[in-house]
Amino acid sequence: MTIYDAISEINDSFNKSEARKLVLHFTDAVLATLKTDGRVRVAGLGTFRIKHVPAVKAGRRVNPFTKQMQDFPAKPATNKLKFTPAKDVKEAVAKIKAK
């Protein structure tokens with residue numbers, strides 16, 4: 001089941017295409033706010049934030065698995081999206097039985 005199906009089932013006033021538009025507008029709003037503020041709090045869902053990961057230089061280091069010296073390539077600086085769920089979401093997920 002897609003999020004579009006879930007929205008149209010829960011709320012009869014939305015059909016699938018309207019639900020799709022709603023989700024796309026929500027996504028656009030979240031991305032626009034992340035670009036300007038770096039953080040978006042969605043009440044009842046959680047917080048999205050951008051985390052900057054600094055660059056790593058290339059070098060020769062010990063591989064933690066093999067304990068052997070190994071050449072590691074350089075990695076560029078990146079931005080990662082982090083999500084922290086709201087308390088209610090954490091509690092609801094904890095109550096879901098595993099399959």
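Select Thr47 and the residues that touch it: Arg39, Val40, Arg41, Lys82, Phe83 and Thr84, leaving aside neighbours up to four places away in sequence. Contact here means heavy atoms within 4.5 Å. Thr47 sits in strand β2 and is buried, at a relative accessible area of 16%. Buried means under 20% relative accessible area, exposed over 50%, and partly exposed in between (1.4 Å probe, protein chains only). Strands (E, at least two residues) and helices (H or I, at least four) are DSSP runs numbered from the N terminus.

The model is predicted: local features need pLDDT of at least 70, side-chain atom pairs count only at pLDDT 80 or more, and totals for chains, interfaces and linings use all residues. Residues are numbered from 1 along each chain as its sequence is written, and side-chain values use heavy atoms, with hydrogens and water left out.

Next, select Arg39, Arg49, Lys51, Arg61, Lys75, Lys80 and Lys82, which form a positive surface patch. Patches are made of residues with over 30% relative accessible area and no salt bridge; like charges are joined within 9 Å, nonpolar side chains (Val, Leu, Ile, Met, Phe, Trp, Tyr) within 5 Å. The place of a charge is NZ of Lys, CZ of Arg, CG of Asp or CD of Glu. Lys and Arg count as positive and Asp and Glu as negative, while His and the chain ends are not counted. Strands β2 (46-53) and β5 (78-85) each supply at least two residues of the positive patch. Lys75 belongs to the loop between β4 (69-72) and β5, and is exposed at 57%.

For the nonpolar surface patch, select Phe26, Leu45 and Phe83, with about 260 Å² of accessible area together. Areas come from the Shrake-Rupley method with a 1.4 Å probe; for residues, only the protein chains shown count as cover. Phe26 is in helix α2 (residues 16-37) and is partly exposed, at 40%.

Now turn to the two salt bridges, each a side-chain nitrogen of Lys or Arg within 4 Å of a carboxyl oxygen of Asp or Glu. Select Lys16 and Asp5, whose closest N and O atoms are 3.2 Å apart. This pair links helix α2 with helix α1 (residues 3-10) across eleven residues of the chain. Then select Asp71 and Arg60, also a salt bridge, with closest N and O atoms 3.2 Å apart. Asp71 is in strand β4 and Arg60 in strand β3 (residues 59-62), so the pair ties together parts eleven residues apart in sequence.

Finally, go to Lys95 in helix α3 (residues 87-95). Lys95 is exposed, at 71% relative accessibility. Its C-alpha atom is separated by 46 Å from that of Gly59, 36 residues apart along the chain.
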